[in-house]
Amino acid sequence: MLNIGSPIPFVTLYEFIDEDTPGCALGPNAVDVKAATAGKTVVIFALPGAYTPTCSAQHLPGYVALADALKAAGVDEIWCLAVNDAFVMGAWGREHRAAGCVRMMADGSADFTRATGLTLDLSAKGLGLRSQRYSMLVRDGVVQTLNVEAPGAFAVSNAETMLAQVSAR
């Protein structure tokens, strides 16, 4: 499992960004995690899935609401990561007005999630392999803080906890 001091998995994630263009929007766009985190301070929070109850009611909205405060405290980017496809993540982000606040990163094949060791098997509920709920502060591709939730909990990976941790550094 991923630990403090570990490099994050350098895989490719995908992001769908709505662009006001004539015709169909282009995407999904590949994001090289190594290049995207190089020289940056990034908060990554992961959750079991887009449109799921706690994720939609609390987790994502909390980071959208505190995005300016996190950035004022030294965070360059905030990423929401889930084992969903880029189109779903893009639509979910649009509904929560995440553009400019939180990048909606799709780990559709669970490559990042598997490499972290933070998988969650929800096959019995028809959801397949998903990510555990967690948050982490990453500097230049290396984990600085890691907050992994107990099963079914939402107490340590929220935006308020991350803001307190970032502000204390």
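Me: Is Cys 55 buried or exposed?

Reply: Before the answer, a word on what we have: this is a predicted model, in which local features need pLDDT of at least 70 and side-chain atom pairs count only at pLDDT 80 or more, while totals for chains, interfaces and linings use all residues. Residues are numbered from 1 along each chain as its sequence is written, and side-chain values use heavy atoms, with hydrogens and water left out. As for the term, a residue is called buried under 20% relative accessible area, exposed over 50%, and partly exposed in between, using a 1.4 Å probe and protein chains only. Cys 55 has a relative accessibility of 0%, so it counts as buried.

Me: How many disulfides does the structure have?

Reply: In general, a disulfide is a covalent bond between the sulfur atoms of two cysteines. The test applied here asks for a pair of cysteine sulfur atoms within 2.5 Å. A search of the whole structure by that test finds zero disulfides.

Me: How many helices and strands does the protein have?

Reply: Helices (H or I, at least four residues) and strands (E, at least two) are read as DSSP runs and numbered from the N terminus. Counted in that way, the protein has six helices and nine strands.

Me: What does the radius of gyration say about the overall form?

Reply: The radius is taken over C-alpha atoms, and the rule for a globule is 2.2 Å times the number of residues to the power 0.38. For 169 residues, a compact globule would have a radius near 15 Å, and the protein agrees with its 15 Å. Along the principal axes, its C-alpha trace spans about 45 × 40 × 30 Å. Of the 169 residues, 47% count as buried.

Me: Which residues does Ser 131 contact, apart from its neighbours within four places in sequence?

Reply: A contact means heavy atoms within 4.5 Å. Under that rule, and with those neighbours set aside, Ser 131 is in contact with Ala 46, Leu 47, Pro 48, Val 83, Thr 113, Leu 118 and Leu 120. Ser 131 lies in strand E7, which covers residues 128-131, and it is buried at 0% relative accessibility. For the protein as a whole, looking at contacts with a separation of 6 or more, residues 24 or more positions apart account for 65%.

Me: Where does Val 75 lie, and what does it touch?

Reply: Val 75 is placed in the loop between helix H3 (67-72) and strand E4 (77-82), and its relative accessible area of 4% makes it buried. Not counting residues up to four places away in sequence, Val 75 touches Thr 41, Val 43, Leu 70, Leu 137 and Val 166. The C-alpha atoms of Val 75 and Val 43 are separated by 6.9 Å, although the two residues are 32 residues apart along the chain.

Me: Which residues other than glycine have a positive phi?

Reply: Among them are Tyr 51, with a phi of about 70°, and Ala 110, with a phi near 65°. Tyr 51 has its place in the loop between strand E3 (41-46) and helix H2 (53-65), and at 40% relative accessibility it is partly exposed. Ala 110 is found in the loop between strand E5 (103-106) and helix H5 (111-116), and at 3% relative accessibility Ala 110 counts as buried.
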